[in-house]
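Let's take a look at how two protein chains meet, and at what one of them shows on its surface. Keep the 3D view open while you read.

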Amino acid sequence: MNVVYYSTRRGLAPQVAAAIHLRILPMEHPPNWFEWRRIPYRQGFTARDWGRLVFVGWRDGHGIFVMAYPPRNGPLVAKVINSIQELMDPGKTHFQLVDAGAGGDVFPWRGHTVPAAVRELYPHLVELVLGVERGLRG
Amino acid sequence: MIAAHLHLGRLPMDRPVQVREILALPLFDRAQASDFGIPCYMGTDTLGHAVYIIGFGSGARECSQAMESVLGIMGWAGEVFLVDVLDCIGVTARLGGMLSRRLGWVSLGRPLAAWGMLRSLEGLRRLVQSVKEVLASRHG
């Protein structure tokens, strides 16, 4: 199974969730600046990347991806991913799409501190990742 | 859709085609927005390749990137031959399609789209021919 974190708000929540999933970021507390700097693709994506599934790492045999979610056609892209996997391997789910930005999002930040929104969102993102992991196990 | 019919031999590759033949095709100018993103099986060609069509609406670039990502990650890229036909479609056919599908002016848009398709037919035939040659070379 591959997990694809995306955000309809098009912020950094997928990258943060993927980093939590891969234990690049701590589970217990919001990241400090040094931990924050380790987040893959924390600069965000550009229009050239829209629709791409970007591999971030492996954990427990599952591929972890983030998707650069396009502003207008996000639901259509998600539909394409689901319909292609159904066409190629009917009845099986190879990609689990997870909206990491459902509870809010964090936007690319060039400052030398952790964006303030992260502290508020972090417990929610940890819970989201734990839920995904429970689903993968069970 | 026209390219798929050419590929499957339901439209001729050599002789002229009439507007009424295009209009008589069952799926011509019938796509709804809800059909976008779902592959539609059109038939199997003489070499045994299943032929599908898929529409991406205004999300062509991001949808094809997502599709290529999925195919690449799963190792399915060699099993699917993606062909973008949009470059072969002229302004007239696009305008007709927009009038019919987006604005609902079917009686004006559909014949215009069919006529535009006739004007784009040679380009589509060349594309289909090149696809068939590539598939035949892969086949052996």
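## A serine at the meeting point

Start with Ser83(A): a polar atom of its side chain sits 2.6 Å from the backbone oxygen of Gly37(B). Bear in mind that this is a predicted model. To find this serine, go to helix α3 of chain A, which covers residues 74-88.

Who else does Ser83(A) touch, leaving aside neighbours within four places in sequence? Its contacts are Gly37(B), Ile38(B) and Pro39(B). Ser83(A) counts as buried because its relative accessible area is 13%, and the cut-off for buried is under 20%.

## The wider interface

Now zoom out. On chain B, 25 residues are in contact with 25 residues of chain A. The size of an interface is often given as the accessible area lost when the parts come together. Here, the area buried between chain B and chain A is about 2,000 Å², with 71% of that coming from carbon and sulfur atoms. On chain B's side, helix α3 (residues 60-73) gives the most, with 10 residues.

What about polar links? Between chain B and chain A there are 10 residue pairs in polar contact, counting pairs with both residues at pLDDT 80 or more. Salt bridges across this interface come to 0.

## A nonpolar patch on chain B

Next, check out the surface of chain B. Leu95(B), Met98(B), Leu103(B), Trp105(B) and Leu108(B) make up a nonpolar patch there, and together they have about 480 Å² of accessible area.

Take Leu108(B), which belongs to helix α5 (residues 106-139) of chain B. Is Leu108(B) buried, exposed or partly exposed? Leu108(B) is partly exposed, because its relative accessibility is 49%.

Notes:
Residues are numbered from 1 along each chain as its sequence is written. Chains are lettered from A and ligands numbered from 1 in the order in which they are written. This is a predicted model: local features need pLDDT of at least 70, side-chain atom pairs count only at pLDDT 80 or more; totals for chains, interfaces and linings use all residues. Side-chain values use heavy atoms; hydrogens and water are left out. Patches are made of residues with over 30% relative accessible area and no salt bridge: like charges are joined within 9 Å, nonpolar side chains (Val, Leu, Ile, Met, Phe, Trp, Tyr) within 5 Å. Accessible areas come from the Shrake-Rupley method with a 1.4 Å probe; for residues, only the protein chains shown count as cover. A salt bridge is a side-chain nitrogen of Lys or Arg within 4 Å of a carboxyl oxygen of Asp or Glu. Helices (H or I, at least four residues) and strands (E, at least two) are DSSP runs, numbered from the N terminus. Buried means under 20% relative accessible area, exposed over 50%, partly exposed in between (1.4 Å probe, protein chains only). Contact means heavy atoms within 4.5 Å. Buried area is the accessible area (1.4 Å probe) that two parts lose on being put together, summed over both. A polar contact is a pair of N or O atoms within 3.5 Å; within protein, one must be able to donate a hydrogen and the other to accept it, and residues adjacent in sequence count only if both atoms are side-chain atoms.
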